[in-house]
Amino acid sequence: MVGRERMLDKMEKFDSEKVINEFEELTKNAGKVQQDTLKKILEENADAEYLQKLGLNGRTDPESYKQCVPIVSHKDLEPYIERIMDGDSSPILTGKPIPNITLSSGTTHGKPKYLPFSEELFESTMQIYETSFAYRNSPNEVIFGSDFHQSLYCHLLCGLLHYEEVQFIFSTFAHSVVQAFQTFELVWEDLCSDIRHGILNERITDQSIRAAISKILKPNPELADMIYNKCSGLSRWYGLIPELFPNAKYVYGILTGSMEPYLKQLRRYAGWLPLVCHDYGASEGWVAANVNPRSPPESATFAVMPHIGYFEFIPLKDRHGGSEPQPVGLTDVKVGEEYEIIVTNLAGLYRYRLGDTVRVMGFYNSTPELKFVCRQNLLLTVNIDKNTEKDLQLAVEEASKLLVSEKVDLMDFSSHVDRTKDPGHYVIFWELTGDADEAVLKECCNCLDRSFLDAGYMSARKVGMIGPLELRILRKGTFHKIMLHYLSMGAAVSQFKTPRCLGSNNKPILQILSTNVVRSYVSTAY
Ligand code: AMP
């Protein structure tokens, strides 16, 4: 997302006390800071065509802003973003031309979204990294590579060669950390052999990577023996990370929301090391920093940074009434309530629906601390039922407990509503780490069906308005194929999130899933 050199340069000059003091001041005056931030955004972009036609006429107060500027989603902005991408350098969304366009992962809506990315967003990215970094207070190191498989192998190899220097394990999304150590399980003997003989495995064909590694890889049989013995002594790879990297202090990444299903696998690798949650944001821009790094992922909260954007919150509890509820300002949110976030930022997004549901857990000074609940548009629904990504996750968690006796883990999952037959029904796809007994999987299928506790689902199932749930078991490696598909569409591996609910328009992914089903079960729970 951001230039590595500039980031490292900033980190070198980093003063954690100063950053914490600044954050304290900002959050004590969150309401005022929000007004100033809105004023700054509107003044800097006063010439933008998008704002000009909305009739603000120089006004920058929140009330006028609410009156004149509509709440929008990405599709409303597409015509403007397309013009920017076609080279139109007139002030369209922002006063100054937008220098870059970034690509979201595309795993939320099935296709990547193009979004404006400006110098100011780079700065806010740095600010949020610095803020949560100041509270964690540890050094930072990131390695980028071109070919994903080759660079992952070499990343693991370099980690082992410098095992004493590894201070923490990081990837933006937890999924990538799990994936890295799943790969380790497959290639560890090759890695040991490379270290023993000082010769890089032939799977690495990229000459620039080979040249770089050859400078640091020398025969080291003692290290190879040590790694070999440690790995051979582990039971189901529990504690692999601290065994390999005894000086690592924590494992760090986005571990909340759609990453929660990976926590079990991550904890197995992390053993006794704490898991620390990364900040909350999106390709559209950052929102909130994790300033309580000791909280486990299940109770992680994020303090909104009041100066990196102007934030509004639509109360969700009022949504069920007739009229659309009015958004409230940052400091007017209520503890315990759930909201949808609306973002205004310096990169040309005005009152933009981020599409996430958050719950306010408390306040850090006067800025709210949010818990990420779920992405909104991910609904499994046949008719009167409504299940979010979180509901799906809870049902899957419940059913996968039955796998414990089988000593297999759920690697990943997804879902789909099948309407090809009437009535429609839910289909859940599971990829497992090994084989499980037929009877156990049949019971998992029934348990899934029973674990969607939404009243609409249960009543519709009872009267046959929704058909029996189907559990389809996938061949090993299927979700890896899905990730490769997204990468081929231009998504970055570090951004990848498994799509959890697939619409029938997501044909390429449904095709990958359906051609890799090895067994399927139909529920008899109702
Ligand atoms: P992307 O569209 O690829 O930029 O991904 C952004 C989305 O990732 C956000 O809208 C959230 O749904 C999710 N996300 C980002 N940060 C977090 C977090 N800390 N916890 C949970 N979900 C997150």
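Helices (H or I, at least four residues) and strands (E, at least two) are here DSSP runs, numbered from the N terminus. The model is a predicted one, in which local features need pLDDT of at least 70 and side-chain atom pairs count only at pLDDT 80 or more, while totals for chains, interfaces and linings use all residues. Residues are numbered from 1 along each chain as its sequence is written, and side-chain values use heavy atoms, with hydrogens and water left out.

An unreviewed UniProt entry carries the annotation "domain: GH3 C-terminal" for residues 390–504; such annotations may be inferred rather than shown by experiment, and their positions are given in the numbering used here, with feature names shortened. Over residues 390–504 the chain is 38% helix and 21% strand, with 20 Å between the end C-alpha atoms.

Helix H14 (residues 389–400) packs against helix H15 (residues 438–451) at an angle of about 145 degrees, their axes being 8 Å apart, where axes are lines fitted to C-alpha atoms over the stretch in contact and angles run from 0 to 180 degrees between N-to-C directions. In contact terms (heavy atoms within 4.5 Å), Ala 395, Val 396, Glu 398 and Ala 399 of H14 meet Cys 444, Cys 447, Leu 448 and Ser 451 of H15. By class, this contact has 6 nonpolar, 1 polar and 1 charged residues, with Ala, Val, Leu, Ile, Met, Phe, Trp, Tyr, Cys and Pro counted as nonpolar, Asp, Glu, Lys and Arg as charged, and the others, Gly among them, as polar.

Lys 401 lies in the loop between H14 and strand E14 (410–418), and it counts as exposed at 53% relative accessibility; exposed means over 50% relative accessible area, buried under 20%, and partly exposed in between (1.4 Å probe, protein chains only).

Strand E16 (residues 470–474) is largely enclosed by the rest of the structure, because 5 of its 5 residues are buried. In a regular strand the side chains alternate between the two faces of the sheet. In E16, Glu 470, Arg 472 and Leu 474 point one way, and Leu 471 and Ile 473 the other way.

| Partner of E16 | Sense and bridges |
|---|---|
| E15 (residues 425–432) | parallel, 5 bridges |
| E18 (residues 517–522) | antiparallel, 5 bridges |

Within these pairings, Glu 431 stands opposite Leu 474, and Leu 471 stands opposite Tyr 521 in E18.

Definitions and conventions
Pairing = 2+ DSSP bridges.
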